[in-house]
Amino acid sequence: MERIVFNDKTDMNRQAGFTLVEVMFALMIFMVIMLGLAQGELTALRTQQGNIMREEATQLIESELSRLKSERFTMTDISDELDEISWTAPEEITVSSRKGILTFARSIKITDIDAEGTLLKRIDVAVGWEQGKGAQVAPTNKNRQTALSTIIAARN
């Protein structure tokens with residue numbers, strides 16, 4: 001039987017692999033990278049939710065503007081729907097979308113515009129919703145809001 005003898009102490013101290021400090025340092029770097037990726041994912045999800053809400057709100061505004069534009073509006077006959085009004089009290093609207101049931105508040109303002117020989121009205125529609133934190137914004141009293149305006153002329 002043959003015995004192996006180590007005469008050089010450096011051969012005995014040489015080890016393959018990583019030290020505990022190196023492993024801990026690598027895990028710490030990995031953790032920081034993963035936390036950054038998770039934060040990016042959360043930001044992307046919040047942005048996507050905001051975009052969905054804004055898209056639904058814009059569709060609500062466009063449908064209301066379209067409805068109001070189709071009302072009677074001639075030099076001699078004006079629909080009651082187009083009477084001049086300041087911002088209406090917010091009207092709660094529930095919509096079913098790809099993200100489930102969404103709740104919005106809609107407010108409308110109609111203003112007569114002075115123009116020589118032409119009857120004009122400006123229609124403003126604002127739609128608001130709650131998302132995250134933030135102060136409420138008039139006229140919808142929600143913390144997020146989008147609005148569109150149009151001007152219509154009386155038909156002959």
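The model is a predicted one.

**The sheet**

Begin by selecting the strands β1 to β4. They form an open sheet of four strands in the order β1-β2-β3-β4, and the pairing is antiparallel. Display residues 91-97 and 144-153 in a separate colour: these are β1 and β4, which stand at the edges with a single partner strand each, so one side of each lacks a neighbour in the sheet. From one strand to the next, the twist averages 30°.

**The hairpin of β1 and β2**

Together β1 and β2 form a hairpin, with two residues between them. Select Ser97, which stands opposite Gly100 in β2. Then select Val95, whose bridge partner in β2 is Leu102.

Next, show the charged side chains. Nine salt bridges are found in a search of the whole structure. Select Glu91 and Arg106, whose side chains meet in a salt bridge with an N to O distance of 3.1 Å. Glu91 belongs to strand β1 and Arg106 to strand β2, so this pair ties together parts that are 15 residues apart in sequence. The two partners may be compared by their accessibility: Glu91 is partly exposed, at 40% relative accessibility, whereas Arg106 is buried, at 11%.

Move on to Asp112 and Lys121, a salt bridge in which the closest N and O atoms are 2.3 Å apart. Asp112 is partly exposed, at 38% relative accessibility; Lys121 has a relative accessible area of 5% and is buried.

Then select Arg122 and Asp124. This salt bridge has its closest N and O atoms 2.9 Å apart. Here Arg122 is partly exposed, with a relative accessible area of 38%, and Asp124 counts as buried, at 7% relative accessibility.

**The aromatic pair**

Select Phe104 and Trp129 and display their rings. A search of the whole structure finds one aromatic pair. The ring centres of Phe104 and Trp129 are 6.1 Å apart and the planes stand at 75°, so the pair is edge-to-face. Phe104 lies in strand β2, and Trp129 lies in strand β3 (residues 120-129), so the contact ties together parts that are 25 residues apart in sequence. Are these two residues buried or exposed? Phe104 is buried, with a relative accessible area of 0%, and Trp129 also counts as buried, at 1% relative accessibility.

**The loop between β3 and β4**

Select Ala138 and Pro139 and display the backbone. The peptide bond that joins them is cis, with omega of about 5°. Pro139 lies in the loop between β3 and β4. Asn141 is found in the loop between β3 and β4 as well, and has a positive phi of about 60° although it is not a glycine. With a relative accessible area of 39%, Asn141 is partly exposed.

**The nonpolar patch**

Finally, turn to helix α2, which comprises residues 20-69 and includes Phe30. Switch to a surface display and select Phe25, Met28, Ile29, Phe30, Met31, Val32, Ile33, Met34, Leu35 and Leu37: these residues make a nonpolar surface patch of about 1000 Å². The tour ends here.

Technical notes
Residues are numbered from 1 along each chain as its sequence is written. This is a predicted model: local features need pLDDT of at least 70, side-chain atom pairs count only at pLDDT 80 or more; totals for chains, interfaces and linings use all residues. Side-chain values use heavy atoms; hydrogens and water are left out. Two strands pair if DSSP finds at least two bridges between them. Axes are lines fitted to C-alpha atoms, for helices over the stretch in contact, and angles run from 0 to 180 degrees between N-to-C directions. Patches are made of residues with over 30% relative accessible area and no salt bridge: like charges are joined within 9 Å, nonpolar side chains (Val, Leu, Ile, Met, Phe, Trp, Tyr) within 5 Å. Accessible areas come from the Shrake-Rupley method with a 1.4 Å probe; for residues, only the protein chains shown count as cover. A salt bridge is a side-chain nitrogen of Lys or Arg within 4 Å of a carboxyl oxygen of Asp or Glu. Buried means under 20% relative accessible area, exposed over 50%, partly exposed in between (1.4 Å probe, protein chains only). Rings of Phe, Tyr and Trp (its six-membered ring) pair if their centres lie within 6.5 Å; planes under 30 degrees apart count as stacked, over 60 as edge-to-face and the rest as tilted.
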